[in-house]
Amino acid sequence: MNILVTGGAGFIGSNLVDALLEQGECVFVFDDFNDFYSPKLKRLNISAHDNNPNFTLFELDIRDKDAVTGAIEKSRPDVICHLAARAGVRPSLEDPLLYEEVNSIGTLNIIEAVRSLNLKLKNFVFASSSSIYGGNTKLPFSETDSVQNPVSPYAATKRSSELMLYSQSFLTGLPVTCLRFFTAYGERGRPEMAVANFTRLINEGLEIPLFGDGSARRDFTYIGDIISGVISAIRKPTSFEIINLGESETITVSELISFIETSLGKKAKIDYLPSVAGDVSVTFADITKARKMLCYNPKVKIEDGIERYVRWYLDKGIKQNELCGVN
C-alpha cells in the first residue's frame, strides 16, 4: 500500500515510518521540520531512509493548502496516518492561534485535499490525545465519556479535528479511526517531554523543573506499544471510531523520576515549581475497546520501558543531542 504519514519525521511518526518500511509498505512523509525542537533531530530520525526507493519525503507545512493538495495528488495514498500537529499543553497556552492554525486548519486542509481529489482512501488514522478528557474525574477514561470541557487550546484543537473527521466520514463514507494517545515515551522522544527531559537533566547533574508536587499521575505508554496499536488501526478500517491507546496503568511523576534515577544510577535534583493551568492531575486509559477492536495488548511495563529508553539515550541519545545542539 501507499501510506502517507504526516509528521513522519517526529517522535511517533519516525518510529511508525521505520515499522511500515520494514513491513514492505511504500511510505510518503509530510514534515515541515519546524523549530518546536531541533529540526536536525527530526532529520536524523529519518536519515536512514534517504536512499530507500519506498520512501518519499515532502517537506511542507500542512497550513499550506495548495502544497498539501499537490503532494497528496502526487503520492495518491491508499491510507493517511495524520500525526502532524503542534504538540503539548503548556506551549498551547502561550500561542493558541498557532495551535488552531496547525492542528485544526492543517487537518482540514488534508481532509479537503482528499475530498477535492476524490480519493477513495482505504483508511484515515488520526493521532488524537488523552488531553481531550480534560479534568474528568471518572477513571479510567473511556471513549464514551463526555469531552465537552477541554482545559487547554491543544486539547480543544484535537477534539475539533475529531469532529471534523466525523462529519467527513458521515458525509462521504471516509473510514476514520481517531486514536487517543496516552503519554507516549521512548526512543526518539521529544526533548521537552518528561522522560527525555528528566533523563538528560539527571544524567548531567542539572535540576529538574517539576511543576506541582510530583503527585500527578500519568498513563505512560511505551513507543513500541503505541506503534503496534497504530499499525493495527491502519490495517483494520472502521466507518468511524475513537479508540484509546495507553498502558492502562498509572504512576506518579515522582515515581517516574525514581525509575529514571535507578536506571541511570544517579540522583535527581528537583526544582519544585507551581502547577500550570491546563495540566491535569491524572490520565488513565480504559483500553477495553482497543483490546477488542485492534487486538491491542501493551507489553512493556514502565520500569522496563524506562530502562530501554535510558540504554538508548546513553548509547545514541547523548551523541545525537550533541550533534544537533540540544541542551
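**Figure 1. The end of helix α6.** Glycine 173 follows α6 and has a positive phi, near 80 degrees. The model shown here and in the other views is predicted. Helix α6 comprises the 20 residues 153-172, which at 1.5 Å a residue should span 28 Å. The C-alpha atoms at its ends are 28 Å apart, in agreement with that expectation.

**Figure 2. The buried residues of helix α6.** Among the buried residues of α6 are Tyr154, Ala155, Met164, Leu165 and the charged-pair member Glu162. The elements covering the buried residues of α6 include the helices α4 (89-94) and α5 (96-116), together with β5 (123-129), β6 (176-181) and β11 (240-245).

Figure 3. Arginine 180 pairs with glutamate 162 in a salt bridge whose closest N and O atoms are 2.8 Å apart. Because arginine 180 belongs to strand β6 and glutamate 162 to helix α6, the pair ties together parts that are 18 residues apart in sequence. Both arginine 180 and glutamate 162 are buried.

**Figure 4. A salt bridge between glutamate 25 and arginine 235.** The closest N and O atoms of this pair are 3.0 Å apart. Glutamate 25 lies in the loop between α1 (11-22) and β2 (26-31), and arginine 235 in helix α8 (residues 223-235), so parts 210 residues apart in sequence are tied together. Glutamate 25 counts as buried at 9% relative accessibility, whereas arginine 235 is partly exposed at 37%.

**Figure 5. A salt bridge between aspartate 145 and lysine 138.** Here the closest N and O atoms are 2.9 Å apart. Aspartate 145 is buried, with 11% relative accessibility, while lysine 138 is partly exposed, with a relative accessible area of 45%.

Technical notes: Residues numbered from 1 in each chain as written. Predicted model: local features only at pLDDT ≥ 70, side-chain atom pairs only at ≥ 80, totals over all residues. Heavy atoms only, no water. Helix = DSSP H or I, 4+ residues; strand = E, 2+ residues; numbered from the N terminus. Expected span 1.5 Å × (residues − 1). Buried < 20%, exposed > 50% of the residue type's maximum accessible area, 1.4 Å probe, protein only. Contact = heavy atoms within 4.5 Å. Salt bridge = Lys/Arg side-chain N within 4 Å of Asp/Glu carboxyl O.
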